[in-house]
Amino acid sequence: MGSLNVNRHVSDAFYRYKMPRLIAKVEGKGNGIKTVIVNMIEVAKAIGRPPTYPTKYFGCELGAQTQFDFKHDRFIVNGSHEASKLQDLLDGFIRKFVLCPDCDNPETDLIVSAKKQTINVGCKACGHHGLLEYNHKLNTFILKNPPNLNPAAQGSSLTEGKRAKRSKKQNDSVNGDRSNSPNGDEEGDLIVQAPEKKPDHNEDDDWALDVSEEAVKTRRQGLTDGVKGLTITEDLEKSEKERVDIFYAKVKADRDAGTLNAKETVAEADRLEIKQKAPLILAELLFDEKIHVQIKKHRNLLLYFTHDDEKAQKYLLGGIEQVINLHKETLLPKTSPILKLFYDADILEEKVLLDWASKVRKKYVSAEVGQEIHKAAEPFIKWLKEAEEEEESDEDSEDDVEIEYNDRPNATTLKAQPAISKNNASKADVQDDSEDDVDIDAI
């Protein structure tokens, strides 16, 4: 298998930081094809990071879903990927999340502050301590799942919960192994999660579990944030359309119950991995003929999805087209004011609006309706273009201004002013007053 330098830019044969070469195995066929990283545990130990971090990083870079099977130590990236390609991606992960920015040494730790939502890097070699320099999608995953969180340990506690009535002797042996283990929780967790023999028929009652909707909701609330983030749900195995339907049902239920919460809605979209498409569903569920009022009401929620995300804004425009089509008689004449409200609220950006106006698309509504909507939006688009041109002309005129500096002082002579007599002063006052008494009718 051979070993590699953790920092592959270092060609020194005696470089003491080594890691095993990645081994990838492709399994399945067709839509079910996936790549299993066989030795991810060993690689993660060598670079000093949880195995979930590089696996999730691969998923972010490849645009693929990832799966973590802690019971069998399987770390999976959906799709077929060569080991050499993953090895190159691992170099990027190491450069961003492992090497010290000062000394390029891999003896670093990630310090996560959940309260401040920050990730700091501390180097044991040179003493560097500072914020993580790179802004990557993985940062969100790290904030939700800090390095000190042991996902296997969380999983073991849930497993023990299912076997609550096991014999005391077996529980004591497991706890004893865990407490005596030199690595603390890690070995104990592996023991708890090891495959076990099937229970006898007389133990069937031990597996009884309340599966009512209320009980499931209660148990879900009891999970830690780390487990919620790492648990492999069946929902992610479903098609995108099915995941969109799940999100639609949740938002609709929350809207009807009056419990719609921005952070929970964003978290659900993140969990289902449909955050960019979510504005399309939100537009359908949150807007009707009173859209001018509802924009202000749901502004903060929409900003969570559309801020600095042009693709999400385009999906929102598609949803707005559908809403206008549903309430055509009322909303079609008001298309320009509606778009301006979204623009003024910073939900839709100028660039996205101009790009949308450049072409009629029939993705969300028919070509005829799309043509009508674009025609009704022409006054606003014209205003937007003129405003942009004025800004550009103002910038050009400012650039053309030349200022000449003269370091020579401007010498002026001071002359004595003649004294003004009281009579002259009073005349001057009278003249000033007469100038102020303007006849409005004469204007």
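In the hairpin of strand 3 and strand 4, six residues sit between the strands, and G28 takes a positive phi near 80 degrees. Strands here are DSSP runs of E with at least two residues, helices are runs of H or I with at least four, and both are numbered from the N terminus. Keep in mind that this is a predicted model: local features need pLDDT of at least 70, side-chain atom pairs count only at pLDDT 80 or more, and totals for chains, interfaces and linings use all residues. Residues are numbered from 1 along each chain as its sequence is written, and side-chain values use heavy atoms, with hydrogens and water left out.

**Strands**
- Strand 3 (residues 24-27) pairs with strand 4 (residues 34-37) in the antiparallel sense, over four bridges; to count as a pair, two strands need at least two bridges found by DSSP.
- Across that pairing, E27 stands opposite K34.
- Strand 4 is also joined to strand 6 (residues 74-78) by four bridges, and these two run antiparallel.
- There, T35 stands opposite V77 of strand 6.

**Nonpolar cores**
- A nonpolar core is a set of buried Ala, Val, Leu, Ile, Met, Phe, Trp, Tyr and Cys residues joined through side-chain atoms within 4.5 Å.
- Buried means under 20% relative accessible area, exposed means over 50%, and partly exposed is in between (1.4 Å probe, protein chains only).
- The largest nonpolar core has 43 residues, and F247, L282 and F342 are among those with the most contacts inside it.
- Helix 12 (residues 278-286) gives this core its largest share, six residues.
- Apart from it lies another core of 34 residues, including Y15, I47, F75 and I94.
- Beyond its neighbours within four places in sequence, F342 is in contact (heavy atoms within 4.5 Å) with residues including F287, L316 and I347.

**A closer look at V323**
- You'll find V323 in helix 15 (residues 310-326).
- V323 counts as buried because its relative accessibility is 2%.
- Not counting residues up to four places away in sequence, V323 touches A283, F287, D288 and L331.
- V323 and L286 are 37 residues apart along the chain, and their C-alpha atoms are separated by 9.7 Å.

**Cysteines**
- How many disulfides does the structure hold? It holds zero, where a disulfide is a pair of cysteine sulfur atoms within 2.5 Å.
- For C100, the closest cysteine sulfur is in C126, but at 3.6 Å it is too far for a bond.
- C100 is buried, with a relative accessible area of 0%.
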